[in-house]
There are 2 protein chains.
Amino acid sequence: MKRKDALALDRADPFSKKRKLFKLPKYKIYLDGNSLGVLPKASIARVKHLVEVEWGQDLITSWNEHGWWNLPQVIGDKIAKLIGAVPNSVVVADTISVNLFKVLSAAITMRPERKVVLSDSGNFPSDLYVAQGLSRFLTGKVDLKTVEPEQIAEAISEDVAVVMLTETDYRSARRHDMQAITAKAHSVGALVIWDLAHSAGAVPVDVMACDADFAVGCTYKYLNGGPGAQAFLFVNPRLQQSAVPALVGWWGHANPFAFSIDFVPADGVRRFQSGTQGMLNMVALDAAMDAWKGVSMERLYAKAVKQCAMFTELVEHQCGEFGVSLYGERNFHQRGSHVCLQHPHAYAVIQALISRGVVGDFRAPNLMRFGFTPLYTSYVDVFDAAQHLHEVLSKRLWNKKKFLTIQSVT
Amino acid sequence: MKRKDALALDRADPFSKKRKLFKLPKYKIYLDGNSLGVLPKASIARVKHLVEVEWGQDLITSWNEHGWWNLPQVIGDKIAKLIGAVPNSVVVADTISVNLFKVLSAAITMRPERKVVLSDSGNFPSDLYVAQGLSRFLTGKVDLKTVEPEQIAEAISEDVAVVMLTETDYRSARRHDMQAITAKAHSVGALVIWDLAHSAGAVPVDVMACDADFAVGCTYKYLNGGPGAQAFLFVNPRLQQSAVPALVGWWGHANPFAFSIDFVPADGVRRFQSGTQGMLNMVALDAAMDAWKGVSMERLYAKAVKQCAMFTELVEHQCGEFGVSLYGERNFHQRGSHVCLQHPHAYAVIQALISRGVVGDFRAPNLMRFGFTPLYTSYVDVFDAAQHLHEVLSKRLWNKKKFLTIQSVT
């Protein structure tokens, strides 16, 4: 493949007009949108308005006048379309860890006679910490059991209260079979929580088609909501009247402004809200969701598959002799939208790349991770990133005391 | 008192230079800073930089380069100075409900043999909801008991695990005696959590002097952090190595970037962080804290006491005949920085005031609440607000179908 072939792919790419909706960092090839998505142009004006007009002038009346109060549901419905959820089943609030805690505590309560929360060792560590924290608090009433990702299906037994998994592995990019695992769990009476942090906006998922019980996910990665933007959570409509989280608050009350001293859970998913939400991040996210209008997740995923495969082929072809290899899932139709490469000097290599303006990230112990976010990643970005990696490896630039300073990457 | 007397007080007011640090809403007398504080000028530039440079250009590297990662502790130390806390004992994260849940769950775990969480019926309802949610989740292992505020001290007995109170009542403005109640609780082996939502930045409190175990508080009221800005929590240093919340996450891990699958709590208060925080709100709050440089809480409180007393006197003198009266605590040296008035048509009256640009808020069933935030509230604001109230009441303007449109209030 030549650079002109990548340029030709960009010219034919129906998503190239979406790229124009983002303020891309200058002099960089940004392949870390799976960690922090880039800035949507619409968010700039929206945040400015929030600060200077809504907060600055209208102040407290903005809760109604500017729709602050309803934003968690409004944005939730926008995200719902990307994950196969129905309206009024997704809400945006808090962090992914807090939301996972909420749905996990609700699920445990619904299976009081069962002791096991089942997960896998490839899950994002913070998810496991949440389950461990709950287990410790309940002094052994439930225990977290982790198995290897491949052993999940067979480990689902009748003592399992909740299966808690991340759909796309943050390192290997391996995707779990949501449909099969959810069905297996339901067949023995267990509930399932899916973490869609590396899935929402990256790969097609359908929480209703697989009848997931709960899901949580992140908005600052593929959804470009901004640093630390609120997370989302999904509650299947068939559970919305029976599930109650351990962590509640006035935003989840049936009648919050009555200021009654007794908690009465709101109908529907709203009961999974608790406290007042940060509106600066919330409106940035709301504006970011505009970019998803008319996006087919299947088509976007097809581009991601092509970019991941293209990058891997270029790297293997050009750099295989320099000790770099693909980590994790190879089947490009069963994996997420990022590629991890292993290399004995991964940390130094990624630093050398970053100093040249090619931004990926390092994941312990020896992984370089490159995220492809096809809403704004071009094919020529992918091509150029592979060339930079070749240059760094072939010239052993990672071994320099001082890396090259940031330069234009063309 | 004449208007010129109020103007004279403003000329002599040492805090009048602080007022210039804020972008005050035009054509309004804003007396709702106890619900949502006004916009600090410093926050405008800081948020713009965050969005356009840190997020827009530097992206993922900003976690280190722009100090995002440490902001929860950095801001925590700034707030610590206002509440009598020592460095490294306050952290900013999540919402007040989530933080209350964290410290309450930690406290319950530290008193496993005790069944009662004690609070009062004047507490902010969401705090009670948090305790009720925990109690429900623990199926009766602990129960929330609420008594009248005046009965708290005598209700503290040896079956009490945790006393959970709000220092300043959000309606009556009555302040609890932190020192005496904390001492009483400790004398029977109970722990104490203080909610400082209406105290931090409003009245002098000293969590170390009274040896409080835990505290939580709000930053979008008197601290002007912006709509829904993150809350804070305090953990007394003597408990920091033994207290562990039920809700944890990777930001509270001893070594978050090792991505170990086992949770190991960080040393100190940092273990009370859980997930990734929204940086747009966080930097707005950080900039807002600049306004507190050199502020003596005792002096600020003296101004608040004067403003609350002045407003009450003016209202009682001018409007007493129109069915309005003070609600709650009358001793102006034992109360918070807001005044609640009761009136049979409180909702209509407050709407009429708001339509004239005098912004207070309504609290069910019959209260009008006016917050005095002496960092930027002037004496003439207080004087004029009382005159508007007189006009609305004496002319029964609240009884109009249509209120006057917003107009300049001079």
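The model is predicted: local features need pLDDT of at least 70, side-chain atom pairs count only at pLDDT 80 or more, and totals for chains, interfaces and linings use all residues. Residues are numbered from 1 along each chain as its sequence is written, chains are lettered from A and ligands numbered from 1 in the order in which they are written, and side-chain values use heavy atoms, with hydrogens and water left out.

**The contact between the chains**

The size of an interface is often given as the accessible area lost when the parts come together. Here, chain A and chain B bury about 6700 Å² between them, and 69% of this area is on carbon and sulfur atoms. Buried area is the accessible area (1.4 Å probe) that two parts lose on being put together, summed over both. Trp55(B), Tyr129(B) and Phe137(B) supply 13% of the area that chain B buries against chain A, more than any other three residues. Each side is also described by its residues in contact (heavy atoms within 4.5 Å): 81 residues come from chain A and 81 residues from chain B.

**The two pockets**

Rolling a probe the size of a water molecule over the atoms shows where empty space is left. A pocket is an open set of points on a 1 Å grid over the protein atoms alone, where a 1.4 Å probe fits, with protein on both sides within 12 Å along at least five of seven lines; lining residues have an atom within 4 Å of a point. A volume is the space filled by probe spheres set on the points, which are joined across faces, edges and corners.

| Pocket | Volume | Lining by class |
|---|---|---|
| Largest | about 1100 Å³ | 23 nonpolar, 14 polar and 10 charged residues |

Helices (H or I, at least four residues) and strands (E, at least two) are DSSP runs, numbered from the N terminus. With five residues, α12(A) gives the most to the lining of the largest pocket.

The second largest pocket has 41 lining residues; Ile60(A), Phe257(A), Ser35(B), Asp361(B) and Arg363(B) are the closest to its centre. The largest share of its lining, four residues, comes from α12(B).

**The sheet of chain A**

In chain A, seven strands form an open sheet with mixed pairing, in the order β4-β10-β9-β8-β7-β5-β6. Strands pair if DSSP finds at least two bridges between them. The edge strands, β4 (90–93) and β6 (143–147) of chain A, each pair on one side only. Strands β7 and β8 of chain A pair in the parallel sense over five bridges, and Val163(A) stands opposite Val192(A) in β8(A). Helix α5 (residues 71–83) of chain A packs on the sheet and touches β4 and β10 of chain A; its direction makes about 125° with that of β4(A). Axes are lines fitted to C-alpha atoms, for helices over the stretch in contact, and angles run from 0 to 180 degrees between N-to-C directions.

**The sheet of chain B**

Seven strands of chain B form an open sheet in the order β4-β10-β9-β8-β7-β5-β6, with mixed pairing. Three bridges join β4(B) to β10(B), and these strands run antiparallel. Val90(B) stands opposite Phe234(B) in β10(B).

Key:
Ala, Val, Leu, Ile, Met, Phe, Trp, Tyr, Cys and Pro count as nonpolar, Asp, Glu, Lys and Arg as charged, and the others, Gly among them, as polar.
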